[in-house]
Amino acid sequence: MSAALPEAWKEALQRVGVPESAVAVAVQEVGASQPMLMHRADELMNPASVMKLVTTTAAFDLLGPDYRWKTEVYLDGTLTDGVLHGNLILKGYGDPKITVEQWQAFMQRLREAGLKQVTGDLIVDRSQFSLSAHDPSAFDREPLKPYNVGPDALLVSFKAVRVVFTPPESKKSKKAQVAIDPPLTGIKVPVLPSLNNKRCGDWLERLKPKFNDKGSSAEVHFGGSYPTRCGERDMYVALLDVPHFVHGMFAYYFAEAGGQFKGGVREGKVPEGKASEGSPWLTFESPPLSEIVLDINKRSNNVMAQQVFLTLASLHQTPPYTQGAARQAVAEWLKANRIEMEGLFVENGAGLSRDARVSAQGLLDLLLYAQHTSWGELFVGTLPLAGVDGTLKHRFQESAAYNRAHLKTGFLENARALAGYVDDAQGRRYAVVILLNHVNAKRAAPAMDAMIESIYQGTWIQPQPSPLP
């Protein structure tokens, strides 16, 4: 399905070197029976992170905005006077957002429930998900970037630590100070960066970091230098495997809460007897799905989206959940609600994929469906608001569409996308999808923003020729 783009849109795209043949667009006023513009709307395109709309819309409808994940604690031993003579078992169910602050609250809950000391080991039960081996370098050869962390049933703090750099307190010191936050015992920094007086601009590159991550432990070497003019700076890196990361987080924060633990870590499962009883010693719940989706859509969090996507498999199979079952659950949901998304391919639910495909028509139907649900307005609020927050905070600052468009963004090499809702100057709401696949995608944001602004202003609608007398 194709129609000519407005001339102003063609010109905006030409200025950034993108032909109209590389763009798919679908626009329809909410409540109208027919779309106003469909340009290559049936073409299958890579939507980048706009694919998160499929995951989060399905989650709102299938799980509900109030859905919560749980993390369970089981005692594999005898608890006497606050001392657990045995092992502590943590069973994860795929909570997408166990932050440092929430983990601290979790450890405090353990203490308040009467646990003072664990004499045995920490056993982590990650069996809720069944996943193929994850290669964090496969997508872009950046294995330590937090956005490349794979999903996991027991994901804590996105398996990432903050590395903090500061100039030394003593003027006599020739090395910068480096701190790991949180200070996990399995991560060491044996080589510190020297100091320089250069400008701060490319400080990260000048550090010349080298990471030796063995899974159970990691070393970080900084063979370069750090500009004193930078003051305090930081970087986030994903280190250790999941069991040892969880072990480090437990050991540090349980001690911070006043507990005692000197044991190791092992993978295992909750014993069948305890599992069949269905009564963990303590359960910690996640924030509601609506808050999780807020982070996924506004901040475009990849691993959280993958966690939610895998959870959708719970509607199609018993644990352990797989990505294949999640795809099947989404397909059945789309069919049941007559949302046409022919040719859809969701690889991981996050859009961090070279192979993901969807049409502008399909995404338009999805957006229109959401507007007719009881949770429609709540969902709109999870999308970045033009010029205000999320991935649109630094766009539309001088635009007439400032604060008038809720749009999910997407950006990969050779792919850029916007999809969501635009409220025009007359108060009419439009569902809008713009997908762009081209080598000049990285240059295309101004053109796409101009397209959105013209929808707000109403100048995109081409005048119809007057009828002949």
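Helices here are DSSP runs of at least four residues, numbered from the N terminus, and a pocket is an open set of grid points with protein on both sides within 12 Å along at least five of seven lines. With that in hand, α8 gives the largest share of the lining of the second largest pocket, at 3 residues. Bear in mind that this is a predicted model.

That second largest pocket holds about 640 Å³ of space. It has 22 lining residues, and Pro146, Ser157, Phe158, Tyr236 and Asn301 sit closest to its centre. The elements giving two or more residues to this lining are α3 (100-112), β8 (161-166), α7 (289-299) and α8 (302-311). By type, the lining splits into 11 nonpolar, 5 polar and 6 charged residues.

## The largest pocket

Now for the largest pocket, which comes in at about 970 Å³. Its lining takes in 36 residues, with His134, Asp135, Pro136, Asn148 and Gly150 nearest the centre. Sort that lining by type and you get 17 nonpolar, 9 polar and 10 charged.

In soluble globular proteins, nonpolar side chains tend to be buried together. In this model, the largest nonpolar core has 56 residues, and Leu363, Leu366, Val433 and Leu435 make the most contacts inside it. Helix α10 (residues 360-371) supplies the largest share of this core, 7 residues. Another core, of 50 residues, lies apart from it and includes Leu90, Val161, Val242 and Phe254.

What does Val433 touch, leaving out residues up to four places away in sequence? Its partners are Ala24, Val25, Ala26, Ala360, Leu363, Leu364, Leu367, Leu418 and Ala419.

Definitions and conventions. Residues numbered from 1 in each chain as written. Predicted model: local features only at pLDDT ≥ 70, side-chain atom pairs only at ≥ 80, totals over all residues. Heavy atoms only, no water. 1 Å grid on protein atoms, 1.4 Å probe; cavity = no way out; pocket = protein on both sides within 12 Å on 5 of 7 lines; lining within 4 Å. Points joined across faces, edges and corners; volume = space filled by probe spheres on them. Nonpolar A, V, L, I, M, F, W, Y, C, P; charged D, E, K, R; others polar. Core = buried A, V, L, I, M, F, W, Y, C linked by side-chain atoms within 4.5 Å. Buried < 20%, exposed > 50% of the residue type's maximum accessible area, 1.4 Å probe, protein only. Contact = heavy atoms within 4.5 Å.
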